[in-house]
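Okay, thanks for having me on the agenda.

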Amino acid sequence: MKKRVIVCFVLGLVISIGAIGCGIKTEESNETPALVPTEIAEPTDTRDQQTASEEPVQTTLAEAISKYKPGTYTSKMELKNATLDLEVTVDQNHVTSVKFLNLDSETEEKYPLLEPCLESITSQLYAQIPIDDILVADHGKYTSIKILDTIKKVLEQAY
């Protein structure tokens, strides 16, 4: 029994010394452990830095947190045999209206999926679904993607 206690004590001592020794760097070894970072770079954000010649811009809290510059914006959507003007109206944080300005009956006959695809997209936009998360139906996938790309192009004007 006494022998067992001594063996356990010695074993515990060896383990303790080994655990302590793992964290100590000796003069012979200049290597750092693989998991310890040698240098941590400070994150830099140059978006808010101003040059000496720039004037400081005064913004209100509402402007600082708004997503869009409120207004109505348009862009052309090229189709095979037609060009449509797409109008998007936004307030500070939401898309409030999307419509075709010059969709005539002839173009609507040639492209019967335009209106249903636009309605599907706008209903999702009005429900605050981000434009990159909008779902498109398989039966009007090309048309929906064309409309979404045009809406994205219009929204770039509103930023």
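Let me start with helix H4, residues 114–126: its 13 residues should span 18 Å at 1.5 Å a residue, and its end C-alpha atoms are 18 Å apart, which agrees. The expected span here is 1.5 Å times one less than the number of residues. Helices are DSSP runs of H or I with at least four residues, strands are runs of E with at least two, and the numbering goes from the N terminus.

Quick housekeeping before I go on. This is a predicted model, where local features need pLDDT of at least 70 and side-chain atom pairs count only at pLDDT 80 or more, while totals for chains, interfaces and linings use all residues. Residues are numbered from 1 along each chain as its sequence is written, and side-chain values use heavy atoms, with hydrogens and water left out.

Back to H4. Which of its residues are buried? They are Leu114, Cys117, Leu118, Ile121, Thr122, Gln124 and Leu125. Seen down the axis of H4, these buried residues fall within an arc of 160°, so they line one face of the helix. By buried I mean under 20% relative accessible area, with exposed being over 50% and partly exposed in between, using a 1.4 Å probe and protein chains only. The arc is taken over the directions from the helix axis to the C-beta atoms. As a reminder, an α-helix has 3.6 residues a turn, so residues three or four places apart point the same way.

And what covers that face? The cover over the buried residues of H4 includes strands E1 (71–78), E2 (83–90) and E3 (95–100), plus helices H3 (105–110) and H5 (141–157). Contact means heavy atoms within 4.5 Å.

Glutamine 128 sits in the loop between H4 and H5, and its phi is positive, about 70°, although it is not a glycine. At 45% relative accessibility, glutamine 128 counts as partly exposed.

Then we get to H5, which has 17 residues and reaches 25 Å from its first C-alpha to its last, close to the 24 Å expected. On H5 the buried set is Thr143, Ser144, Ile147, Leu148, Thr150, Ile151, Val154 and Leu155. Those cover an arc of only 165° around the axis, which puts them on the same side of H5. On the other side of H5, Tyr142 and Glu156 are exposed. The buried residues of H5 pack against E1, E2, E3 and H4.

Two strands count as paired if DSSP finds at least two bridges between them.

Going through the pairs: E1 and E2 are joined by 8 bridges, and threonine 74 stands opposite glutamate 87 in E2. E2 and E3 pair over 5 bridges, and they form a hairpin with 4 residues between them. In that pair, leucine 86 stands opposite phenylalanine 100 in E3.

How do the helices lie on the sheet?

One loop residue I'd like you to look at is asparagine 81, between E1 and E2. At 54% relative accessibility, asparagine 81 counts as exposed. Even so, asparagine 81 touches Lys110 and Tyr111, not counting residues up to four places away in sequence.

Zooming out to finish: the chain has 5 helices and 3 strands, running α-α-β-β-β-α-α-α from the N terminus on. Of its 159 residues, 25% count as buried. Among contacts between residues at least 6 apart in sequence, 49% join residues at least 24 apart.
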